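Colleague: I am new to this structure and would like to learn how to read its features. Could we go through them one at a time?

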Amino acid sequence: MNYTELAPSYIRAIAPYQPGKPIPELAREFGLDPATIVKLASNENPLGASPRAIAAMHEAIASIALYPDGNGFDLKSALSQRYAVELTNVVLGNGSNDILELIAHAFLAPGDKAVFSDHAFAVYPLATQAVGATGISTKAKNYGHDLQAMLAAAIEHRSKVVFIANPNNPTGTYIGEVEMLAFLRALPKDILVVLDEAYNEYLPEEYRYDSVGYLKDFPNLIISRTFSKAYGLAGLRVGYAIAHEQVADMLNRVRQPFNVNSVAQAAAVAALQDKEFVRQTFLLNQSGMAQVTNGLRKLGLLHIPSLGNFVSFKVAGAGDIFRRLLQLGVIVRPVANYAMPDFLRVSIGTEQENARFLSALEQAIGESK
Ligand SMILES: *Cc1c(COP(=O)(O)O)cnc(C)c1O
């Protein structure tokens, strides 16, 4: 018996998500001291998490025997205040990855179509395929989303959902307000638009716009955000969606009743209040991005200008360079599975980590020649 054949063909066709290599795994493979390994592979926060979030977690552990609040009242209240929306507009997820899957479960069935872009976040095709729906990937424009092409594809294929990552991972490309609004105005209101803003907190002031405020005019919009990136809580798994209450209602129906654990809920409430931590994170990323991109330029490497906390750069023999970096104790991310085989993606770390990455990269390039 081949048990894989019991799964529907669309499940068997799924290419598994390839996460960044964990530090303990690399330490085992190469016999390295974990303390010397630098991981710049998953866009995590090099400052760790807010001390206030950590204190809240310690406190929450006292009640760990109890089920979490399945309605996530405290966290939803904090989010609804922050964004001036109703509780009924907020949906909590086990990471925003969960939100993306809830959207697929709630709105896509076999035969339905979802549109996303080439080089966009890998979870969109995964979530689409897992429910037997069909993904349509449009060609990118300068590695970024081509909203004209996405609009045309959404209409032509009568799609139900369009996924947009803004900024996009792994390219770091960004769609500004004028272009985004033109797209939303042109798109029929019976097509849902998922605006995945996992890196929103990293945007400089001049790039920001009030996407949550758009909900008034565009009830087909779903904003997705996360505590994994700038808030530094990737290991806890908390994300959320802000959407029209009818959309939120459907997402809640397919949600596991206790999808966000109690420690995570408590930490997220505290993290949301710690604006100073998010500001420090933003500032560190600004200077780190300048450091890394200058370093790449000095090495003669082209990079895609990024508004996230990571940057993708082009390097000859990317796969070989990736492995050499591993041997030097530096973990970056290959993006061949994003149809970018000549690129590697590096997350922005502390000044020291960035320097370590740049010197390891120089060495790896020298050795591979
Ligand atoms: C990291 C990331 C997410 C999801 O992260 P979670 O940890 O599941 O919240 C979502 N979208 C994009 C574009 C990302 O890069």
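Modeller: Start with aspartate 320, which is partly exposed at 28% relative accessibility. Buried means under 20% relative accessible area, exposed over 50%, and partly exposed in between, with a 1.4 Å probe and protein chains only. This is a predicted model, in which local features need pLDDT of at least 70 and side-chain atom pairs count only at pLDDT 80 or more, while totals for chains, interfaces and linings use all residues. Residues are numbered from 1 along each chain as its sequence is written, and side-chain values use heavy atoms, with hydrogens and water left out.

Colleague: With which residue does aspartate 320 form a salt bridge?

Modeller: A salt bridge is a side-chain nitrogen of Lys or Arg within 4 Å of a carboxyl oxygen of Asp or Glu. Here the partner is arginine 324, and the closest N and O atoms are 2.9 Å apart. Arginine 324 is partly exposed, at 23% relative accessibility. Both residues belong to helix H12 (residues 318–327), 4 residues apart, about one turn of the helix. Helices (H or I, at least four residues) and strands (E, at least two) are DSSP runs, numbered from the N terminus.

Colleague: Which salt bridges join into one network?

Modeller: Bridges that share partners link Lys21, Glu25 and Glu29. Lysine 21 is buried, at 17% relative accessible area, whereas glutamate 29 is partly exposed at 46%.

Colleague: How many salt bridges are there in the whole structure?

Modeller: The search finds 9. One of them pairs aspartate 249 with arginine 253, with 2.8 Å between the closest N and O atoms. These two residues lie 4 apart in helix H9 (residues 245–254), so about one helical turn separates them. Aspartate 249 is partly exposed at 32%, and arginine 253 is exposed at 59%.

Colleague: Now a helix. Which residues of H7 are buried?

Modeller: In helix H7 (residues 147–156) they are Leu147, Met150, Leu151, Ala153 and Ala154. They lie on the same side of H7, because they cover an arc of only 170° around the axis. The arc is that of the directions from the helix axis to the C-beta atoms. Gln148 and Glu156, on the other side of H7, are exposed.

Colleague: What covers the buried residues of H7?

Modeller: Look for contact, meaning heavy atoms within 4.5 Å. The cover includes strands S3 (113–117), S4 (134–138) and S5 (161–165), together with helix H8 (177–186).

Colleague: What is found at the start of H7, and what follows H7?

Modeller: A polar contact is a pair of N or O atoms within 3.5 Å; within protein, one must be able to donate a hydrogen and the other to accept it, and residues adjacent in sequence count only if both atoms are side-chain atoms. At the start of H7, a side-chain oxygen of aspartate 146 comes to within 3.2 Å of the backbone nitrogen of glutamine 148. Arginine 158 follows H7 and has a positive phi, near 50°.

Colleague: Which polar side-chain atom lies 2.7 Å from an oxygen atom of the ligand?

Modeller: One belonging to asparagine 169. Taken alone the ligand exposes 380 Å², of which the protein buries 93%. Accessible areas come from the Shrake-Rupley method with a 1.4 Å probe; for residues, only the protein chains shown count as cover.
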